[in-house]
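Here are my notes for you, point by point. Keep the model open while you read, and look up each residue as it comes along.

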Amino acid sequence: MIRKAFLIAFAALLLLSGCRPGITMRDGNPEITTWAGFFSSWWSGMNANYVFWDLDSPGNEWDTVYEETLPKMERYGVIGSSAASDKAAIRDLYDIVKTLKDGHYVLTISNGKGITGNFRPVYCRVMRNAGMTDDEIFEAQLTPSPETYSRLIEESDFHSENTAAIMERVFGIAGASGTAGLSRGFGPAEGGPAHYFSRAGYVKTPPGLMIGEESVGDFSLFVGMTDDDILYLGFSGFSLSAFVDDATQNGDDADAWSLRVYDLVKEYASIILDYENGKADLGGIIIDLRGNGGGDPMDFSLLWSPLLPEDLTVARIRIKTSDNRLSYSLWHDMEIEGRSANGSGKALKLPIAVLVNPRSVSCSEISTMVFMAMRDTYGADVRIIGGTTAGGNGPLAANEILNAGTFQVGESRTRCAGIELRYIDGRSFEGIGIAPDIPVSFNYGSFMSGTDARLRVAFDSIRSRMY
C-alpha cells in the first residue's frame, strides 16, 4: 500500500519544535473560581496556543481584547454565583471568538450549573449566512438551544448535503443512510442500479463501528462509473487508511467493512492506472467532497498519488516555536507523493470536477488545494463546483509536541489548530474558505426529493470538456 504521503515538511517541523516545554495546560485548576481568573488564564492559553495571529491580530489587537474585557470579567464575580452574570460572561467570550479565523476552533465552556456553550466560528459563519442574528447565533450554540434556530442549520447544505444522503436521495440506494448498506462486488449497487451509474460499488458502515483503535463510525464510500466513462468518487471522511490497514494487516480476518473499502479503493486506483496504460477509457473524474469533515491526512497518498505524475507541492506550513505569541518557524513546503520521483511532470489529460460545500473542511480543503495545485503547476483541467468551503485548513496536531493546539482552563476546553497552512501562492483560506470556480446554489427541498443540482452541473462540466 502506498503509505508515504502527508507532510514531507511536517517531520522537519516536528524536529524543529521538539517536545514542548512548559505546556500551557491548566486542566482542572482548583484556583480558578472567578470569571476574571478564568479569563486571564484563557487569554494566556490563547496567547501561547493559537496560531493565526497574523490573521486575527495583525496589529496586536489581542492585547486590546485583554485590556477591554478584564474589567467586565471582574464585575461578574464568582463563577456560578449568578446565572445572569454567568451568561453575560459567556456572551463576552462568545463575542471574542465568533469571528476568529481558525476553522477548527471550538470553545466549550460551562458555569457548572447548567449553562454550557460550544462556540465554533465556522458555525457562526454558516448561521450568519443563513440569516440568523448575532443574538440567535449565541443562543443556538448554548445547551440547550432553541429548536427554531437549529432547524435553519439542519436544512442547509452544511448538515444535510453529505455522502450518505447523496447515496440514498440521489443515487437511489435504499437504506444507504440507515444502519448498514454493504454492496457485494463492483457491479450495480444493491437497491439500484444507482441513478447515473452503470457500474457502482458502495459501503455504509453502522454508526459507531470501530476499526482497530480508530472510530470511523457512520462512514460512507461510493465509487461509480457512468456509461460514458466518468469516474465518480464520494466519501464521508478521510478514514480510508484505517480500513485499508485493517484489510492489509489482517487479511481474511479483517472486518468485512474493511475488506469492502479496500476493494473499492483498489478499484478506483486501477481504473486510473488502466486508463494511463491504454487498457480502458476514461472520460473524466468527479471527486465529491461535500459534507466531508476531514480526518486522516494519510489518505492523501491512497487517493491523490495515482493522479500525480511526481511529488507535488500543495501548500506551505509553519508552526509556533515557543509560547510567545509571535514566535513562528519559517514556512516549509507541504508535498504530496506522486507516482514516481522521476515522473513526466504532466497531468492526466482528463477533465476533473471537485464538488465542495460549506461542510468541506480540513483534509477536504487541503485536497481541494491538491487539485488547485495540479491546475496551477501542471495545467490540469480542473473545475471546483458547489459552495464555498468551511475555511478550516490548518491541521490539528498534538499540543504536547507542538507549541500550539488544544488546551484547557479548568473544566473548559479550547480546541484550535496546531499548524498554519497557506496555499502555494501565499493565500490563506482560513476563516474564508475556498470559493468554487462554478458556484451552484443549494435547495434543501429539491435535494431531499432527489434533484442534485450541483452533481448535474459537475456532470455537464465534465461532458462539455471531454477530449
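1. Helices (H or I, at least four residues) and strands (E, at least two) are DSSP runs, numbered from the N terminus. Asn47 is part of helix H2, which covers residues 35-49. A quick word on the source: this is a predicted model, where local features need pLDDT of at least 70 and side-chain atom pairs count only at pLDDT 80 or more, while totals for chains, interfaces and linings use all residues. Residues are numbered from 1 along each chain as its sequence is written, and side-chain values use heavy atoms, with hydrogens and water left out.

2. Stay with Asn47 for a moment. Is Asn47 buried or exposed? Buried means under 20% relative accessible area, exposed over 50%, and partly exposed in between (1.4 Å probe, protein chains only). Asn47 has a relative accessibility of 16%, so it counts as buried. Contact means heavy atoms within 4.5 Å. Not counting residues up to four places away in sequence, Asn47 touches Trp53, Trp62, Lys320, Asp323, Asn324 and Arg325.

3. Next, have a look at Ile96, which sits in helix H5 (residues 83-97). Its relative accessibility is 14%, so Ile96 counts as buried. If you leave aside neighbours within four places in sequence, Ile96 is in contact with Phe39, Trp42, Trp62, Val65 and Thr69. Take Thr69: it is 27 residues from Ile96 along the chain, and the two C-alpha atoms are separated by 9.3 Å.

4. Now for the aromatic rings. Rings of Phe, Tyr and Trp (its six-membered ring) pair if their centres lie within 6.5 Å; planes under 30 degrees apart count as stacked, over 60 as edge-to-face and the rest as tilted. How many aromatic pairs does the structure hold? There are 27 aromatic pairs. One is formed by Phe171 and Tyr232, an edge-to-face pair with 5.3 Å centre to centre and 85° between the planes. Phe171 lies in the loop between helix H9 (163-170) and strand S5 (181-182), and Tyr232 in strand S10 (residues 230-235), so this pair ties together parts that are 61 residues apart in sequence. Phe171 and Tyr232 are both buried.

5. Another pair to find is Phe219 with Phe243, which is tilted: 5.0 Å centre to centre and 40° between the planes. Phe219 is in the loop between strand S8 (214-215) and strand S9 (220-225), while Phe243 is in helix H10, 24 residues apart.

6. Which side chain does Ser241 meet in a polar contact? The side chains of Ser241 and Asp299 are joined by a polar contact of 2.5 Å. (A polar contact is a pair of N or O atoms within 3.5 Å; within protein, one must be able to donate a hydrogen and the other to accept it, and residues adjacent in sequence count only if both atoms are side-chain atoms.)

7. On to the cores. A nonpolar core is a set of buried Ala, Val, Leu, Ile, Met, Phe, Trp, Tyr and Cys residues joined through side-chain atoms within 4.5 Å. The largest one has 63 residues, and Phe235, Trp304 and Met374 have the most contacts inside it. Helix H13 (residues 363-378) gives the most to this core, with nine residues. A second, separate core has 48 residues, including Tyr76, Val122, Phe138 and Cys416.

8. Finally, the strands. Two strands pair if DSSP finds at least two bridges between them. Three strands make an open antiparallel sheet in the order S13-S12-S18. Strands S13 (332-336) and S18 (420-423) are at the edges with a single partner strand each, so one side of each is left without a neighbour in the sheet. Strand S12 (residues 312-318) pairs with S13 over five bridges in the antiparallel sense, and Ile317 has His332 in S13 as its bridge partner.
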